[in-house]
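Colleague: I am new to reading protein models. Could you take me through one, feature by feature?

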Amino acid sequence: VQLVESGGGLVQAGGSLRLSCVASGSIFSINAMGWYRQAPGKKRDFVALVDSGGTTNYQDSAKGRFTISSDNAKNTVYLQMNSLKPEDTAVYYCQAASVIVTSGVGGDFWGQGTQVTVSS
């Protein structure tokens, strides 16, 4: 299973970005997909998650500014980020959780990350 993120970049404070993540491979089902972020010198933190039923969950700092959505048929998850702040600067990682595969070993999978930089 491979996850590929896109959509990161440099934006001014108050701006918006939309991240995308596509999961590919011998996937039978994915229980949930989510976004995490890691700033320099800090641990990787949870940002948002959406399960296969459409239920979402957000980190407190993302509520009201970020919106996670998914297209289950395309194994794709999006993160719309509005009103960005310099403290949102980080590498954003996509995760596919509790993946059932048609061959090989299932489990949780991560993308390679995409850089988001918010300038003040």
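Modeller: Start with one residue. Ser98 lies in strand E9. Keep in mind that this is a predicted model.

Colleague: Which other residue shows a positive phi without being a glycine?

Modeller: Ser83, with phi near 50°. Its place is in the loop between strand E8 (76-81) and E9.

Colleague: Is Ser98 buried, partly exposed or exposed?

Modeller: Use the cut-offs. Buried means under 20% relative accessible area, and exposed means over 50%. Ser98 has a relative accessible area of 41%, so it is partly exposed. Ser83 also counts as partly exposed, because its relative accessibility is 41%.

Colleague: Why does Ala90 count as buried?

Modeller: Its relative accessible area is 3%, so Ala90 is buried. Next, look at its neighbours. Set aside residues up to four places away in sequence, and Ala90 touches Arg37, Gln38, Ala39, Thr114, Gln115 and Val116.

Colleague: Let me try Thr76. Which strand holds Thr76?

Modeller: Thr76 is found in strand E8. It is buried, because its relative accessible area is 6%.

Colleague: What does the side chain of Thr76 reach?

Modeller: The backbone oxygen of Lys74, at 2.9 Å. Beyond four places in sequence, Thr76 touches Cys21, Val22, Met33, Ser69, Ser70 and Asp71.

Colleague: And a residue in a loop? Where does Gln59 sit?

Modeller: Gln59 is in the loop between strand E6 (56-58) and strand E7 (66-71).

Colleague: Which polar partners does the side chain of Gln59 have?

Modeller: Take them one by one. The Gln59 side chain makes a polar contact with the side chain of Arg37, at 3.4 Å. It also reaches the backbone oxygen of Phe46, at 3.3 Å. For touching residues, again leave out those up to four places away in sequence. Gln59 then touches Arg37, Asp45, Phe46 and Val47.

Colleague: Let us step back to the chain. How many helices and strands are there?

Modeller: The protein chain has zero helices and 11 strands. From the N terminus on, the elements run β-β-β-β-β-β-β-β-β-β-β.

Colleague: How do I judge the overall size?

Modeller: Compare the radius of gyration with a rule. For 120 residues, a compact globule would have a value near 14 Å, and the protein chain has 14 Å, so the two agree. The C-alpha atoms fill a box of roughly 45 × 25 × 20 Å along the principal axes.

Colleague: What share of the residues is buried?

Modeller: Of the 120 residues, 40% count as buried. The chain exposes about 6,100 Å², with carbon and sulfur atoms supplying 49% of it.

Colleague: What about contacts across the sequence?

Modeller: Take contacts between residues at least 6 apart in sequence. Of these, 55% join residues at least 24 apart.

Colleague: Last one: how far apart are the mean positions of the positive and negative charges?

Modeller: The chain has 9 positive and 8 negative charges, and their mean positions are 4 Å apart.

Conventions. Residues are numbered from 1 along each chain as its sequence is written. This is a predicted model: local features need pLDDT of at least 70, side-chain atom pairs count only at pLDDT 80 or more; totals for chains, interfaces and linings use all residues. Side-chain values use heavy atoms; hydrogens and water are left out. Helices (H or I, at least four residues) and strands (E, at least two) are DSSP runs, numbered from the N terminus. A polar contact is a pair of N or O atoms within 3.5 Å; within protein, one must be able to donate a hydrogen and the other to accept it, and residues adjacent in sequence count only if both atoms are side-chain atoms. Contact means heavy atoms within 4.5 Å. The radius of gyration is taken over C-alpha atoms; the globule rule is 2.2 Å times the number of residues to the power 0.38. Buried means under 20% relative accessible area, exposed over 50%, partly exposed in between (1.4 Å probe, protein chains only). Accessible areas come from the Shrake-Rupley method with a 1.4 Å probe; for residues, only the protein chains shown count as cover. Lys and Arg count as positive and Asp and Glu as negative; His and the chain ends are not counted. The place of a charge is taken as NZ of Lys, CZ of Arg, CG of Asp or CD of Glu.
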